[in-house]
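This briefing goes through one protein chain by topic. Please keep the sequence and the structure open while reading.

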Amino acid sequence: MSAPQQQPTWRQRLTAGLRAWRFGSVVSVFLVLVTVLAWRLVDLHVVDQEFLRQQGDVRTIRVESVDAHRGMITDRYGEPLAVSTPVQTVWANPSEMDPEDPRLAAAARLLGIPEGELRERLRRYAERRFIYLERKMQPSVARQILELGIPGVYGRREYQRFYPAGEVTAHVVGFTNIDEQGQEGMELSYDDWLRGEPGSKRVLKDNRGRVIKDLSLIRDASPGQDLVLSLDLRLQYLAYRELKAVVTAHKAHGGTLVMLDVNTGEVLAMVNQHSYNPNDRSQLSSERLRNKAVTDLFEPGSPMKAITMAAALESGRYKVSSTIDTSPGYRRFGRFTIRDARNYGVVDMTTVITKSSNVGISRIANDLGGDVVRDLYFRLGLGQATGIGFPGEAVGVLPSPPRWRPVEEATLSYGYGLSLNALQLAQAYMVLANGGTRYPLSLLKLEHPPQGERVLSERVTAQIRDMLREVVEHGTGRRAQPGFYSAGGKTGTVHLVGKRGYEDSQYKAVFAGMAPIDNPRIVTVVAVDAPQAGEYYGGEVAAPVFSRVMSDALRLLNVKPELELGQRPVQRTGERG
């Protein structure tokens, strides 16, 4: 007889029940998940097909920027001075590349870098997805690199700034950096005007990031606006050639030449030595970057005598026929002594200018008072910005002491004790040339005549022009005679300032003048720094540059010659000014 079976305990029954419940739950959840996944697959492939398409697009469609074309800079006649040309930039995705790829040898040769250096860069930045291989290459060279078919190497179109006139217009036009952002000159001043607004487009890319197709344009690139300068490129080349020649011939430290249209205030030419080539900045130095015509200040010297004389005639206390006693050829102010080249004795007002008499002009200034002389200097624009909006423009120093000492009045009358730049000196002479109207100067071509301010009478300016004519025909500026045109101007020879004051053997040779003198069209200022080849007077160094530049410039501007062959003044030696 068998033993009776033992009934499971309540614990055993509970455990068996839990096992059965867990198994059922897992099976149920699994069946639910399978059902959901199956339904989702049916939904994606049959009901809602657009979702997969959108997700695919997210992984293959990208938005890329469209570079904007920077505006062109031209001279007043449309000759290009700065243009943007399309170039290619070659870049790489190191994470997609094999540093041992044999095709890299050819790529390195086309890039102009050692093969080992290229492979090392790829190893060093293996985790990156973007590095530049070479920016802004010639498109033909970039095409050869891309045709090698190296995985991870791509190209992109960009723009590069090019300056057709090179060093001739460098100081005015300036330059941009590699991203076409203005860094110097008009490129910097008008960067917002010239710079375009980038656009964007939607493109289709493959799994290696290569653009397969342009799909749509989101926003078109807005090109920058063109900038038309007041410069006449013909006159700019002429001025640059002559200034470079005189700096080289006289072994000078540098030089500046500025040419203005007397009836509009437009800058027709502005050049400096030494210059630089903005297309090749590999050897660029900060010293060569400055546009000295507006950034460098100097004491102008004797050219200011004509303006002091204008103040005397305007005051009514002096006439052209008035006489001044310059004996004994010098004046003492305590420990300071003012001298002339020799004792001219009693001379009229014209002779004071023609002979460039420091004694004569200082006696006039002491009689007028410093405030009278300074007031006219200020009305002509000294001690103020010229209005051209050029970066780094220096306004200079025009003294205004509470009480003038006699020696301060004397030195102010012949251009010491104040400072200005070459452009300001040209502006002052522009007023003398055009009959007494001061115009704001402009480096942009003007479409309409500017609104000027009368600061001197036509009578006084006509009398000053007659005196300046005598300087060129019979005085210190005889070498300034411009061929078959009449001219007027004033020479200057200024001691340069060093670390310990005025240098005894270093000078700046200056000439400021206008032509044709009876109806002036152009004002030109020439300044040559520290000539070292013997001659250093303004009449010897700067005046001949004025002569050559003005003669050719007036001919280029179709100004009718005034003098016949037998009427040309004879260039004799004499006072050197």
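The largest nonpolar core has 125 residues, and those that touch the most other members are Leu229, Met309, Ile364, Tyr377, Leu423, Tyr429 and Ile464. Helix 17 (residues 422-434) gives the most to this core, 10 residues. The model is predicted, with a mean pLDDT of 87 for the protein chain.

**Nonpolar cores**
- In soluble globular proteins, nonpolar side chains tend to be buried together.
- Met309, one of the residues with the most core neighbours, is in contact with Met349, Val352, Ile353, Ile361, Ile364, Ile464 and Met467, leaving aside neighbours within four places in sequence.
- Another core, of 16 residues, lies apart from the largest one. Its members include Ala107, Met137, Ile145 and Ile150.

**Helix 12**
- Helix 12 spans residues 305-315, and nine of its 11 residues are buried, so the rest of the structure largely encloses this helix.
- The buried residues of helix 12 are Lys305, Ala306, Ile307, Thr308, Met309, Ala310, Ala311, Ala312 and Leu313.

- Glu409 lies in helix 16, which covers residues 406-413.
- Is Glu409 buried or exposed? Glu409 counts as buried because its relative accessibility is 12%, and the cut-off for buried is under 20%.
- Not counting residues up to four places away in sequence, Glu409 touches Ala365, Asn366, Gly369, Gly370 and Trp404.
- A polar atom of the Glu409 side chain lies 3.0 Å from the backbone nitrogen of Gly370.
- Asp367 and Glu409 are 42 residues apart in sequence, while their C-alpha atoms are 9.3 Å apart in space.

**Strands 19 and 20**
- Strand 19 (residues 488-498) pairs with strand 20 (residues 501-515) in the antiparallel sense, over 10 bridges.
- How many residues lie between strand 19 and strand 20 in the hairpin they form? There are two residues between them.
- Gly489 has Gly513, in strand 20, as its bridge partner.
- In a regular strand the side chains alternate between the two faces of the sheet.

**Confidence**
- In the protein chain, 86% of the residues reach a pLDDT of 70 or more.
- Over residues 570-575 the pLDDT is below 50. In the model this stretch has 15 contacts beyond near neighbours in sequence.
- Where pLDDT is low, the predicted coordinates should not be read in detail.

Technical notes
Residues are numbered from 1 along each chain as its sequence is written. This is a predicted model: local features need pLDDT of at least 70, side-chain atom pairs count only at pLDDT 80 or more; totals for chains, interfaces and linings use all residues. Side-chain values use heavy atoms; hydrogens and water are left out. Helices (H or I, at least four residues) and strands (E, at least two) are DSSP runs, numbered from the N terminus. Buried means under 20% relative accessible area, exposed over 50%, partly exposed in between (1.4 Å probe, protein chains only). Contact means heavy atoms within 4.5 Å. A polar contact is a pair of N or O atoms within 3.5 Å; within protein, one must be able to donate a hydrogen and the other to accept it, and residues adjacent in sequence count only if both atoms are side-chain atoms. A nonpolar core is a set of buried Ala, Val, Leu, Ile, Met, Phe, Trp, Tyr and Cys residues joined through side-chain atoms within 4.5 Å. Two strands pair if DSSP finds at least two bridges between them. pLDDT is the predictor's confidence in each residue, from 0 to 100.
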